[in-house]
Every structure is written in structure tokens, then in C-alpha cells.
Amino acid sequence: MKLRQRDDVSAEEEKALRAIIQPPQHIGARRVVIREGEPLNRSTLLCEGLMGRFKDMRDGERQISELHVPGDFLDLHSFTLKRIDHGIVTLTDCVMCAASHEALNGLTEDFPHLGRLLWMTTNLDAAIHRALTVSLGRRDSVSRTAHLLCELHVRLGVVGMAEEDEYPLPLTQTDLAECMGLSAVHMNRVLRDLRERKLATFRRGRVHIHDLAGLRWLAEFTPEYLFLEKKPR
Amino acid sequence: MPRFYLHLINGSGITRDHEGLDLPDIAAARHEALSAIRSILKDELSHGWLDLGGRISVHDDNGNFLLEVSFAEAVDIRSKGIG
């Protein structure tokens, strides 16, 4: 469980959390799961697949503001906010589970530590968003893409889905372009650049990292903002 | 939706599009090519150069050439200033 990376979770807490998670649902790729503004009475945990938080512009351009990997709650902040300010779309076939807000409310009252851990996960999302803001504001196209590839390597590693030098990323170049505020053709050029610099290759839905230190240096990436340390929360 | 392949030919050589883009029609493919050029030039400008000598070559699913969009077409260069 992702939470255990950052704090101790007792067996009792784990049991209580599992008890409020509803049975898994399978959703196909490229489906909008939650619409912007939709009133929500549940939060959703991603179990398999990749999802994206997005906003569509009037001209049809899309910005993905965060990618979600298995183990992420997609919209825990909707528990307090009651609706969300963006849409959520499946980028691959996905499996997800919901937890009703009513059940979450009960859980946080009976297990305040768990409540704080769930709160922490929304704080982690915010840190990831801030990092993206810096990337989009100040990094060039190659560095910001390198940063995203470094980040996903760590986030997927936390949930046991990445190896030391490679990980699955079943996305299109258009998806990556939408994360990075670039055109798809430009992203193709960026990926070629990373390949030619012998830093990383993205091919057939997998990222192969040839030079992790070099990729991190180009991206100015350090994993601090992902808060991988274990502390009592 | 038809799939279009937008190959980039510029100062850094030929970057082939192996994935393609699903777009409604050729007009949309041309629009996408213009966006791509502007995205690339924006980035180059931040590094201190601007190479208008490139082009994007658009092909269909069977590899047939459909149209070409030159970098120069995508940007209107002026020096008006305030006077």
C-alpha cells in the first residue's frame, strides 16, 4: 500500500480502509470518468491503469494537469470540496474502486490517523502539481519531459511497477504532449532528443532509462517533493 | 477518423512520426502541423535561435504524401514597434 511508504499503517487501520472500498469496476480506455463540476458523493481509488486529470480549452486543446498511477486516490479532495474543478479520464483500460464520502467520514472519525494519511495524499498531489507548474513555467520542452519521466519512474517504483532502469508507460505521444503543453509532433522530436542524448527511450509503451543520473540532472529532478520518507503523520 | 503521419524535417534532421494522429480531415492535419511548428519555434526561441528552414510532411495511413507545411508559413515576422 502506498501509504506505508510514508508512515506505519496498523493492521486494524488497513482492515478499516479496505472495508469502505467498494468492489472494483473495469472501465475502458479514453473514457471521461468524472466530469468537471459534477457533484460527487464518493472518492475513487485507481487500482490498475493510468488516468489523467484534464482541462479542455475552448479551441479543443487539452492540458493534463496530473497523471495518476495505481494506488492513487483520484479525487480525495472532492471529499471536502464536494465537486472537482477538472475532468478525469482513463488513458488506458482501468480498474477503479470507489469509497463513499459517508464511509470516508465515518473512517476519519474512527481512525483519525488514517484521516491524516488520506489528507497527506492530497498534499502529495499538490506537491506534484507545484512541480508541474515549475516545469511548465521554466523548463524547456526536453527538460520538462525528462522531469516527468523521472517523476513517473519514482511514483511507479513506490507501487512496485518500475524496475531500476525501465517502467511501463502505455501512453501515446499525444498524452505526453498534453501533459507537457506541447504539440504531439514536438513531443516526438523531444523524445528523439532524449534518445539521441542516450538518456531515455520511450518506445512501445515502455520507458527505458539509459542514464538515470544524466536524466535527473537535465531535469533538475530530485525526489524530495515526493516525500518518500517514513514519518509519523 | 483517418490517421495522419506528420514527419518533421528541420535543422535537427528528419524526425519520423511512427505513431500518427487521428484527425477529422486534411484541414485538421494542416492545423495540427501549424501548431506543431509554432510549438517547436517557441522552444527554439527560448534558447536564442529561430530556424524557419524546416517543414512538416503529412502522409496518410498508406504512406501517401498529402501535403507539406513549411515553417515560414506558420509565422508572420514583423518589426513594427511603436515607432
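This is a predicted model: local features need pLDDT of at least 70, side-chain atom pairs count only at pLDDT 80 or more; totals for chains, interfaces and linings use all residues.
Two strands are said to pair if DSSP finds at least two bridges between them. Strand β4 (residues 51-56) and strand β6 (residues 87-90) of chain A run antiparallel to one another and are joined over four bridges. Looking residue by residue, A:Arg53 has A:Ile88 of β6(A) as its bridge partner.

This pair belongs to a wider arrangement. In chain A, four strands make up an open sheet with antiparallel pairing, and their order is β2-β6-β4-β5. The edges are taken by β2 (32-34) and β5 (62-68) of chain A; each has a single partner strand, so one side of each is left without a neighbour in the sheet. On average, neighbouring strands of this sheet are turned by 40° against each other, direction ignored.

Attention now turns to chain B. Its secondary structure comprises one helix and five strands, which follow the pattern β-β-β-α-β-β along the sequence. The C-alpha atoms of chain B fill a box of roughly 50 × 25 × 15 Å along the principal axes. Chain B has 83 residues, of which 24% count as buried. Of the contacts in chain B between residues at least 6 apart in sequence, 49% link residues at least 24 apart.

Finally, the two chains meet in a contact that involves 13 residues from chain A and 14 residues from chain B. On the chain B side, β1 (3-10) and α1 (26-47) each supply at least two residues, and α1(B) gives the most, with seven residues. Sorted by class, this side of chain B holds six nonpolar, five polar and three charged residues.

Note on methods: Residues are numbered from 1 along each chain as its sequence is written. Chains are lettered from A and ligands numbered from 1 in the order in which they are written. Axes are lines fitted to C-alpha atoms, for helices over the stretch in contact, and angles run from 0 to 180 degrees between N-to-C directions. Two residues are in contact if their C-beta atoms, placed from the backbone, lie within 7 Å. Ala, Val, Leu, Ile, Met, Phe, Trp, Tyr, Cys and Pro count as nonpolar, Asp, Glu, Lys and Arg as charged, and the others, Gly among them, as polar. A residue is buried if 20 or more other C-beta atoms lie within 10 Å of its own, exposed if 12 or fewer, and partly exposed in between; C-beta atoms are placed from the backbone.
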